[in-house]
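I opened this model to go through its strands, its pocket and its charged pairs. My notes follow the order in which I looked things up.

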Amino acid sequence: AGLADRSYADNLGFSLALEKPGVSLVLMGGDIASAAWDAAVQNGTPVEIRGQQGYVFSPPSGVSLHWVENGNYYLASALGMNMEEVLALLAKLEIVKQTDFQTRLAP
């Protein structure tokens with residue numbers, strides 16, 4: 001499956017799948033990311049993400065980060081990356097309009 005097959009954006013949220021050999025990252029926002037928020041607050045370790053209070057889980061196989069930015073819920077789940085690498089990548093991302101995201105995914 002290609003990048004566009006695992007990535008989408010609609011009125012409820014988005015998912016962006018990125019990968020290279022040995023490394024994968026899925027970034028989600030909106031309703032799908034909000035579903036895990038309560039568990040993150042209760043069980044995660046507090047950490048600053050993109051200047052916001054967030055929470056991290058670090059199981060042996062990867063890392064999962066949860067935060068709220070501009071009133072939107074976000075979740076980043078990575079395999080083959082540590083927390084510092086994911087935080088550095090997240091810091092470089094820009095927020096784009098839904099239509100721009102959909103255009104970028106188009107073949």
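**Entry 1: one residue, two partners.** I started at S15, whose bridge partner in β3 is M28.

**Entry 2: ground rules.** I am working with a predicted model, where local features need pLDDT of at least 70, side-chain atom pairs count only at pLDDT 80 or more, and totals for chains, interfaces and linings use all residues. Residues are numbered from 1 along each chain as its sequence is written, and side-chain values use heavy atoms, with hydrogens and water left out. Helices (H or I, at least four residues) and strands (E, at least two) are DSSP runs, numbered from the N terminus. I call two strands paired if DSSP finds at least two bridges between them.

**Entry 3: the sheet.** What is the strand order of the open sheet? I read β1-β2-β3-β7-β6-β5-β4, seven strands with antiparallel pairing. β1 (8–10) and β4 (45–49) are the edge strands, each pairing on one side only. On average, neighbouring strands are turned by 20° against each other, direction ignored. For angles, axes are lines fitted to C-alpha atoms, for helices over the stretch in contact, and the values run from 0 to 180 degrees between N-to-C directions.

**Entry 4: the helix on the sheet.** I then checked helix α4 (residues 83–92), which packs on the sheet. It touches β3, β4, β5 (52–57), β6 (62–69) and β7 (72–79); contact means heavy atoms within 4.5 Å. The direction of α4 makes about 40° with that of β6.

**Entry 5: strand by strand.** β1 and β2 pair over three bridges, antiparallel. Six bridges hold the antiparallel pair β3 and β7. β6 and β7 also run antiparallel, joined by eight bridges. L65 has A76 as its bridge partner in β7. The β6–β7 hairpin has two residues between the strands, with N70 in the turn at a positive phi of about 50°.

Entry 6: How much space lies in the largest pocket? I noted about 610 Å³. A pocket here is an open set of points on a 1 Å grid over the protein atoms alone, where a 1.4 Å probe fits, with protein on both sides within 12 Å along at least five of seven lines; lining residues have an atom within 4 Å of a point. Of the 25 lining residues, the closest to the centre are F14, E94, I95, V96 and F101. β1, β2, β3, β6, β7 and α5 (98–105) each give two or more residues to the lining. The largest share, four residues, comes from α5.

**Entry 7: the charged pair.** I found one salt bridge, defined as a side-chain nitrogen of Lys or Arg within 4 Å of a carboxyl oxygen of Asp or Glu. R50 and E69 form it, with their closest N and O atoms 2.7 Å apart. R50 sits in the loop between β4 and β5, and E69 in strand β6, 19 residues apart.

Definitions and conventions. Points joined across faces, edges and corners; volume = space filled by probe spheres on them.
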